[in-house]
Amino acid sequence: MTTTDSTTHRRPSFHGRRFWWSVLAGVILIVATFIAAWWEAPAPSADDYLSPNSSREIGSSILAEELSAEGIEIRRYTDANEGLRAAGNGSTVFLPAPDYLTPEDLHLLDSLQYSDTTIVMVQPPQSMMVPLGVRTDGGARIATKTVQSDCEGIAPAGAVQVGRQAYQPDTASPYADSLRLCYDGYLAVQRVGAAVNIAVGSGDPFGNRRIDEVDNRRFAVELLNDHDRLIWIDVHALAKPPEPTAPSPSPWEDSGYSPEPVEIPYPDSFGTNPLYDALPSWMWAGLVGLLIMMVLAALWRGRRLGPPVVEPLPVSVRAAETVHGRAMLYRRAGAYPQALRALRAGALHRIRAVVGLSSRTREGDVVAAVSVRTGWPKDRVAAVLFTAQAADERDLLELSAMLDRLLAAIEDAEPQGRAE
């Protein structure tokens, strides 16, 4: 008679569905985190970001109209070098994206420290703040925090949404004493020479989307109306480097004199981890979401956080049948040492009950007691119960048969095993 195996389709188990639901929840959490971070912190590389000509939510057309209505002359420059050269006495320089200034632009910005100029920077990098005695490692947030003003005469009173990048003084800088921190450290005001440098912790008060929330409008207008002329640097990408040219001859070649090189001291570090500064805030938000997903997956895989719980069997079965069935499963899997270990454990349990030994009895005492009861040599009893190993199915069958004979001799009964 021929038996045909039929394939049955089984529905996924509850644990399998729960795993995929956990994965889906983790993916949704990560995606939501990325979207929230992008929504809270638009990229300064976008052309519309705090641009006076953009009416989009990330633009600043509303602020530009407000300043123009107050008589402020706004000059927008898409070339930072050109705009900084046009700045000078009696002007305000607004840098919505200071990360895209070149070394030459930074040199021009430094030269403005000797003029009556107000420089407003939105989340400037650490490299720009070191000469001013300001550190940007005061803490960074993904979502903007609304904070209250705590500086009189420097920033307008009221609640403003500037709580994203916090600042703190650099005690090693000679300018640290003249630094003023407002809005819980999210606004840094530093006077160097005749210039006033202001670092704002967030660009939200200047954008169209949130300019009418809390006191953002008054805050942005009062920061940018110190002078009648506003230089708006609307740059969102690094300038292309100039084409290389042939080096000009040194003026010292003909005279035979060579000036001594001057060593320019640079700070060893900016106080923060370069890796942290290199990655955007949304990347760190995604990593946090991934970490949360891994923790949830670990909790799901663990399922139980305590000792195993013993449950009663649905039916009562003889111990010998249970041990034999378990051994057959081991045999089918090719786990011969595990199968032999299970058979020996069941046999020893029965042997100790017959000869009156406890589970803590040493192997030598068990071998001696069994040898006295059955008359078998001690080395043979030790091999059957403890030392002999099963390398293949043939060894397993032989040792299983010997265990059966040993149990029969102890219990004075016929072997219960089945011949194969």
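In this predicted model, the largest nonpolar core comprises 31 residues, and those with the most contacts inside it are Leu63, Val200, Phe206 and Phe219. Two or more residues of this core are supplied by each of helix 2 (61-69), strand 3 (117-122), strand 6 (159-165), strand 9 (187-192), strand 10 (195-200), helix 6 (216-224) and strand 11 (229-233). Helix 6 provides the largest share, with 5 residues. In soluble globular proteins, nonpolar side chains tend to be buried together.

The surroundings of Phe206 were examined individually. When residues up to four places away in sequence are not counted, Phe206 touches Leu50, Gly59, Ser60, Leu63, Phe94, Val120, Val122, Val200, Phe219, Ala220, Leu223 and Leu224.

Two residues other than glycine were found with positive phi. The phi value of Gln123 is near 45 degrees, and that of Tyr183 is about 55 degrees. Both positions lie in loops: Gln123 is in the loop between strand 3 and helix 5 (126-129), while Tyr183 is in the loop between strand 8 (179-182) and strand 9. Their accessibilities fall into separate classes. Gln123 has a relative accessible area of 24% and is therefore partly exposed, whereas Tyr183, at 0% relative accessibility, counts as buried. The cut-off applied to the buried class is under 20% relative accessible area.

Helix 11 (residues 363-374) packs against helix 13 (residues 393-411) at an angle of about 65 degrees, and the two axes are 9 Å apart. Helix 11 is therefore roughly perpendicular to helix 13, since angles of 65 to 115 degrees are assigned to that class. The crossing of helix 11 and helix 13 is left-handed. On the side of helix 11, the contact involves Val370, Arg373 and Thr374, which meet Leu406, Ala409 and Ile410 of helix 13. Classified by residue type, the contact of helix 11 with helix 13 contains 4 nonpolar, 1 polar and 1 charged residues.

Conventions. Residues numbered from 1 in each chain as written. Predicted model: local features only at pLDDT ≥ 70, side-chain atom pairs only at ≥ 80, totals over all residues. Heavy atoms only, no water. Axes fitted to C-alpha atoms, helices over the stretch in contact; angles between N-to-C directions. Helix = DSSP H or I, 4+ residues; strand = E, 2+ residues; numbered from the N terminus. Parallel < 35°, antiparallel > 145°, perpendicular 65-115°, else oblique. Left-handed = near helix turned anticlockwise from the far one by under 90°. Contact = heavy atoms within 4.5 Å. Nonpolar A, V, L, I, M, F, W, Y, C, P; charged D, E, K, R; others polar. Core = buried A, V, L, I, M, F, W, Y, C linked by side-chain atoms within 4.5 Å. Buried < 20%, exposed > 50% of the residue type's maximum accessible area, 1.4 Å probe, protein only.
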